[in-house]
Amino acid sequence: MNPKRKNRLFMASFLLIGVAGSIFALFVALEQNLNMFYPPSEVVSGVAPIETNIRAGGMVEEDSLIRASNSLKVSFVLSDRAGSEFTVYYTGILPDLFREGQGILVEGELQQDGSFEATEVLAKHDENYMPPELMSLAEDKQNNTTEG
Amino acid sequence: MVPEFGQLSLCFAAALALGGTVTGYLGNLTSSDKLQESVYSLVVGQFVFVLLAFLSLMFSFLVDDFSVAYVANHSNTILPWQYKISAVWGGHEGSLLLWIWIMTAWMMAVIFTRLSYPKYFLSNVLSTLCFLNLGFLCFCIFTSNPFDRFIPLTPMEGADLNPVLQDFGLIVHPPLLYMGYVGLSVPFAFAVAGLLQRNIDSSWARLVKPWVNLSWSFLTLGILLGSWWAYYELGWGGWWFWDPVENSSFMPWLAATALLHSATVTEKRGAFKHWTVLLAVTCFSLSLLGAFIVRSGVLTSVHSFAVDPERGTYILAFLTVVVGGSLLLFAFRASEAAAPIRYSYFSREFFMQLNNVLLISSMIMILWGTLAPIGYEVITGDLYSIGKPFFNFFFIPLMLILAVAVGLVPLLNWKRTNSSYLGKRLKSLLPVTFVLTLIVFYMLDFVLTTVVFCCGLAIWIVVNHIQDVYRRIQESISLSRSYFGMVIAHLGLSVTLIGIACTSVLSIEEDVRMAPGDQQKLGPLNVTFKELINVEGPNYQAKRGVFDVERSGEKSKQLLPEKRTYSGRQVMTEAGIDPGFLSDTYISMGEPLSGDAWAVRLHYKPFVRWIWFGGLLMAFGGVLSALDLRYRRRKVDKASAEQTVIPSHGIAD
């Protein structure tokens, strides 16, 4: 094999291994970091997997917010206002725009007992803004109310 | 009256842009001097009319003309005047107007340097820019007119400007970022013009290089200001979130960084010609894609203004025309096989190639991570989000490899580097790096391999570059501005690297419940919540916490974080920050708990400023490089200009 070809072969195999490696890594990383979104009905009915990092969303039920007296533990109830609801536990500071009666998004793990341990709570940024995940929920709700 | 005047000006500008597009190309086809030169005045006209439109909108803001819908939605009578001005670009329509005005400003800059370019080339460049500007103007006029009126339902008082936008950072962040985004249209136009004339070579690269440098520097400044703004204004203490909109500014930045290096190779060695052109096209396409992501509302983000499918469709169509057209052109015109330019593995060319591979891979990875959720939704109908670990997982290792390579750059020659020479220099450089890293290791009383490793890489870059400057001075090799620019930008990279590594690993963050009188330990600091007071601002009311921060053996400092409620009833967290060269202390008020107690966020962030300081150095290096003397004084005299001209039938075929 002449040196030029050898060189090319080296380059080509280097590239091939690099590309294959990155594609493999891409899929592994994607697999681990893809968080699926579940509406309250699926959280309650058991469609949502347990003890896996997922996102869920819903409306914060009025008067459901309970704070611990000596720490930053809070719990509140998320519902779709159509009969499905679940309790969320969270330790930390809630966002400025967290309100009872508003749509919010939580990220974390669903527990055996049906409660949700959130690692992150996301609220709407302003009146015009709604996470797209909740938009369909809001639309469904509208449809339900018009039908009902 | 004034808004109508602004509206009319915009329409005039669009007409002139259409004129410019046609005249320039036609002038080249017919080889008509008059047509070619008339483009200049058409460009000046666009600049003036867009400026008039922009000023009309600003005037409407300053006089509180709430009959203009955009003003009513983004301002009110008690908004301080400087925010009334920045509110002009606080929403979708106005920021688009700013975008267009900056576009015309870049076109003016091209006109100012017109003597450096061959005439036919310049015509093609200006026509392309006019075409792009026409696209933006139509977008503005037809889908997002800032001058739409609220008549007869004129409100007495406007809604408020989103309080997180009422800030100095927002006055400067969007204009600088847009300077970068839109500036990338110039290399794009140069690429199109070069392809049209089948004239991509090292002299083309020399013409395009300063424009790449400048827009890259602006983009760098824009991104770092955005990061700084997010840090102090959003109340979370984070400086980067891998938010889709951040990503959409970061992707063109990565591509532009690749372009910067690839254009250097094309300029110096005539290699990577097609790749450079492709990158120039990619950069601008990515900034358009960024615009699409932000404006269409397909993705969730702090920055998404309103969700409007019509706008998304328009941008997508425009994007298709621009990207598709330029890629087609590329396919037809860049096909001639170029003579291969040889270089060995230990050469600058090879390392530039490595740089490009790494930068573009990370760009593609970020692109994937940003767009994949949309793809999944379209295919499966399920909603997904991609977590931050995904981005870190790829980006960090790729950038660390890049840092190793950056450190080697000053040791390498073009074409090939003698291995014994390389070995000789490494023999002195490696021990220095190693010893300095050991000192860092010793100074951090706790053993943290990640930080030490990153600091070691940063030291590696610094040592190699400084030694190279020293060597050049000793061997009295001339030091050009572009060389200094390169050195400063690379030093900036190492400063940012140290900042990122230290902040990410060494930060201490505590979310705690505190009532006035409470004390809390935060790393080496003692934080005391003194009292809670009520404060009245010009257009908000605030609860202000008074905190004393004490470091053992030093005088205590007072931090005053606030929780503000604005006139529009929006709530905002204003953090209290004690900035420092080595560390920041950051306190923000979370939410009121029972009684006087508050949830308080306490952060101790070492070296966080270094992230932005490094960015400043990079931007400065970029500008310095663009000012290199070899890019100046290059007036094309008439004779040589006509020699380089391709006859008109060559363009038409």
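B:Trp598, B:Val600, B:Leu602, B:Tyr604 and B:Pro606 point one way from strand β11 of chain B, while B:Ala599, B:Arg601, B:His603 and B:Lys605 point the other way, and all are buried. Buried here means that 20 or more other C-beta atoms lie within 10 Å of a residue's own; 12 or fewer makes it exposed, anything in between partly exposed, and the C-beta atoms are placed from the backbone. In a regular strand, side chains alternate between the two faces of the sheet. Since nine of the nine residues of β11(B), residues 598-606, are buried, the strand is largely enclosed by the rest of the structure.

A word on the model itself: it is predicted, local features need pLDDT of at least 70, side-chain atom pairs count only at pLDDT 80 or more, and totals for chains, interfaces and linings use all residues. Residues are numbered from 1 along each chain as its sequence is written, and chains are lettered from A and ligands numbered from 1 in the order in which they are written.

Back in chain B, β11(B) runs antiparallel to β2(B) (residues 508-514), joined by seven bridges. Strands like these are DSSP runs (E, at least two residues), as are helices (H or I, at least four), numbered from the N terminus; two strands pair if DSSP finds at least two bridges between them. B:Met514 has B:Trp598 as its bridge partner in β11(B). Strand β10(B) (residues 583-592) is also antiparallel to β11(B), with eight bridges, and here B:Thr585 sits opposite B:Tyr604. Five residues lie between the strands of the β10(B)–β11(B) hairpin, where B:Gly595 takes a positive phi near 65°.

Turning to how the chains meet, 26 residues of chain A are in contact with 31 of chain B, contact meaning C-beta atoms, placed from the backbone, within 7 Å. On chain A's side, α1 (3-33), β1 (34-38) and α3 (132-147) each supply at least two residues, and α1(A) gives the most, with five.

Finally, a look at one loop in chain A: A:Ser84 lies between β4 (73-79) and β5 (85-91). With 16 C-beta neighbours inside 10 Å, A:Ser84 counts as partly exposed. Leaving out residues up to four places away in sequence, A:Ser84 touches A:Pro40, A:Ser41, A:Val44 and A:Ser79. A:Ser45 is 39 residues from A:Ser84 in sequence, yet their C-alpha atoms are 8.6 Å apart.

Methods: Two residues are in contact if their C-beta atoms, placed from the backbone, lie within 7 Å.
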